[in-house]
Amino acid sequence: MARRDKSPQGSAAKGPDVSRRKFMAGAALTGAATAATAQVQAATAPVAETAATPPRLPSALRPNAHMAAAETGTPKELAKAAGPDGSDFMVDVIKTLNIDYVCSNPASSFRALHESLIDYGGNKKPEFITCTHEETSVAMGHGYFKATGKPLMMLCHGTVGLQHATMAIYNAWCDRVPVICIGGNDIDAAYRAPGVPTYHSAQDINAIVRDYTKWDDQPVSLQHFAQSFVRAYKIAMTPPHEPVMISLDLGLQQEPVRAHERETLYIPKYVPTAPPQADGAAVKEAARLLANAERPVIIADRAARTANGMKLLVELAEALQAPVIDQRARMNMPNTHYLNQTERTAALISNADVVIGLELGDYWAAVNAFIDNGHGGLGVNEARIKPGTKLIGISSIGLVTKSNYQDFQRFQSLDIDMAGDAEASLPALIEAVKAAISSDRRAAMEKRGEALRKARADAHERTKAAAAVAWDASPISTARLSAEIYAQIKDLDFSLVSSANVSGWPNRLWRMEKHHNWLGGSGGAGQGYSAPAAIGAALGNRDIGGRFSVSIQADGDLMYTPGALWTAARHKIPILSVMHNNRGYHQEVMHVQRLANRRNRVAALGMDRSPIGTSIENPDIDYASLAKSMGYWSAGPIKDPAELGGTLKRAVEVVKSGQPAFVDVWTQPR
Amino acid sequence: MKSRSVVIGLAAFAAGLVLSQVSALAASAEKGKSAFLQHGCWQCHGYQGQGGVTGPKLAPNPIPFETLSNFVRTTNRAMPPFSKEILSDEDLADIYAYLAAVPKGPDPKDIPLLNQ
């Protein structure tokens, strides 16, 4: 499409037996191509089958001197294309957006941009991060954004690489995280190399991710690229944040800037878009309901995009003396605040008279329950709220809802439903709430606050009592695991960059008061997120400085993207990864057991304790050796809880020295 | 954990509940530990019945046997029911014996890591 130049490659490609190497040798092969063409003409000329006919020509002629030189000689230095290179201009565009890293597994379809990034661009802003899988590339950008608020760029083959990347893009989509995805694609069928490069080309590479990207494009000129890239960045960075995709033609990357564009090319200026805010009248009505509620409840999921979002949520809760349920897709509310009543979720929801949900991923599930039992396997739906409970919502996700993938969850009718970014809408809501609280309500609110303070203290004591059960068990309890980790990092400015399902113990036991203390989960629950996303977040925390990154890593998840460990070691990304090694795909362990019971059958266990097909045992994976082979300091498996503290202490020292460390721990299931 | 046998009837008597025929049988904590693993109870409740987000605490100090038994057989909540065809009365009694034998852990106030 974009390869309009009449390059030597064009004529060389006419020869049927010209190899890719010669194809790439450019001008040096022009003569060889001529000779090859002569061969073809000779070989295909009509030949009369008579006795007078000269002997057949052999199928392979001896090369003449010119061809032999072309085949065996050192190619001449390639002539520099006239004018600046197209991919150099692309780097100029990319640099205007101050992107720190490009995460990538290398591929020929973006070789020109790759070369420009490291040689023309100096491998800075962005710096190339070598990944061993495209899923890792995207997930690193996912984690990096949640640690820093800045998006990364990922480069991949537009076909096979993007196929690898898709699950991670879906996770980012569900988690509302921007990643700038670029897929190389050699579009021009008349000029692209045959064989593998053609297998790796497609009409519309973006099609496979269009259902879960916010915007995509396939620019056909350099000016088009400049507009598309800046537009893609702008769209991705406007709440709700989401990944975007650009198909980047190899021809466009490789060709020089066209003569007519040299004087006219420009790079559009990026100006951030103000996030959408809830409607003013709806905000006032919501404030009136909240201010007059007897038992209001605030539920937050992806509400606090930034540290300021946390402050705003605290301000709203304190203004209302209302309990907050933190669903923990982000760090929304300090877990030490007396109004953080997450441990009392069921009781609060069932007694609420007004509920406000802020950026809930699944509002239905917040106020209803699905019981995967009974009704012949269909399950049971139950309301968790009283009849008449008023429901309010602020969410931006409705602004980008698509049809195919069901990440929009079940439909829930709301009494006041506001389309807008919750964090951006909170100042107006807080102001409206303060204005709506009458003086006679203040005393009742203060009394409610005191009751909540005591309820939280009681709930925290129950949490500690629950954590103490099976304290000395082996395999090690997830509560003990979490407490042991915290003992080693509590005096550091820690960032729990990812966590396996350990019954939420870190969020329940650790003091988490800063936005980066907890970065939330994967979004789409696609396996293979945790290791690379944690490393991406740790990269961001390293650059910010002073933060200690820790991850509680699931065993099944790690085996999707173990190569991410090498990337961490290669790029000296300090992170403490502690394995929650329960030796199974535990969610599926329970699912198969459930179905066996439902069908009144004993689940077949095979040689393990889990139903066949759900365990990761026999042989047991030596994760410590795996991590060590990738360049990590490592230890384990730790099975005795008494050994855990000392091992973690040594690992923390390694991480503080700037290296990644890994501790494998055999744990209870959840 | 040290293996030992318990008489289920004592616990039920203390709870003031009517004993079922099976619960009056002597049960084995050792067999119960195997049955606890074999039947997948550990999946949601942990290897020592300590509980977690997927299932409540079962031990130490389990609820009365009859209450537990009724729930196991007829639950229509998150836990799937276990019929007698897939979990015999004897195995259930043994499992209860195992849960009753789980020793009480330390007081959380005495665990420094829980008071950081």
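Begin by selecting A:His571, which sits in the loop between α22 (564-570) and β16 of chain A. Helices (H or I, at least four residues) and strands (E, at least two) are DSSP runs, numbered from the N terminus. This is a predicted model, in which local features need pLDDT of at least 70 and side-chain atom pairs count only at pLDDT 80 or more, while totals for chains, interfaces and linings use all residues. Residues are numbered from 1 along each chain as its sequence is written, and chains are lettered from A and ligands numbered from 1 in the order in which they are written.

Is A:His571 buried or partly exposed? A:His571 counts as partly exposed because 18 C-beta neighbours lie inside 10 Å. By definition, a residue is buried if 20 or more other C-beta atoms lie within 10 Å of its own, exposed if 12 or fewer, and partly exposed in between, with C-beta atoms placed from the backbone.

Two strands pair if DSSP finds at least two bridges between them. Strands of a sheet pair through backbone hydrogen bonds, either parallel or antiparallel.

Move to β16 (residues 576-581) of chain A, which runs parallel to β18 (residues 661-666) of chain A and is joined to it by six bridges. Within this pairing, A:Asn581 has A:Trp666 of β18(A) as its bridge partner. On to β17(A), which is joined to β18(A) by four bridges, again in parallel; A:Ala635 stands opposite A:Val663 in β18(A). Five of the six residues of β17(A) are buried.

Select A:Met90, in helix α5 of chain A. A:Met90 is buried because 26 other C-beta atoms lie within 10 Å. Two residues are in contact if their C-beta atoms, placed from the backbone, lie within 7 Å. Leaving out residues up to four places away in sequence, A:Met90 touches A:Leu113, A:Ser116, A:Phe225 and A:Gln253.

After α6(A) comes A:Gly122, with a positive phi near 75°.

Continue to helix α7 (residues 134-148) of chain A. Its 15 residues should span 21 Å at 1.5 Å a residue, and its end C-alpha atoms are 21 Å apart, which agrees. The expected span is 1.5 Å times one less than the number of residues. In α7(A), 14 of the 15 residues are buried, and just after the helix A:Gly149 takes a positive phi of about 80°.

**Where chain A meets chain B**

Select both chains. The contact takes 38 residues from chain A and 29 residues from chain B. On the side of chain A, α17 (439-468), α18 (478-489) and α23 (586-598) each supply at least two residues, and α23(A) gives the most, with six.

Chain B has five helices and two strands, in the pattern β-α-β-α-α-α-α along the sequence. Of its 116 residues, 43% count as buried.

**Confidence**

Colour chain A by pLDDT, the predictor's confidence in each residue, from 0 to 100. Chain A averages 91, and 89% of the residues score at least 70. Over residues 4-51 of chain A, however, the pLDDT is below 50. Where pLDDT is low, the predicted coordinates should not be read in detail.
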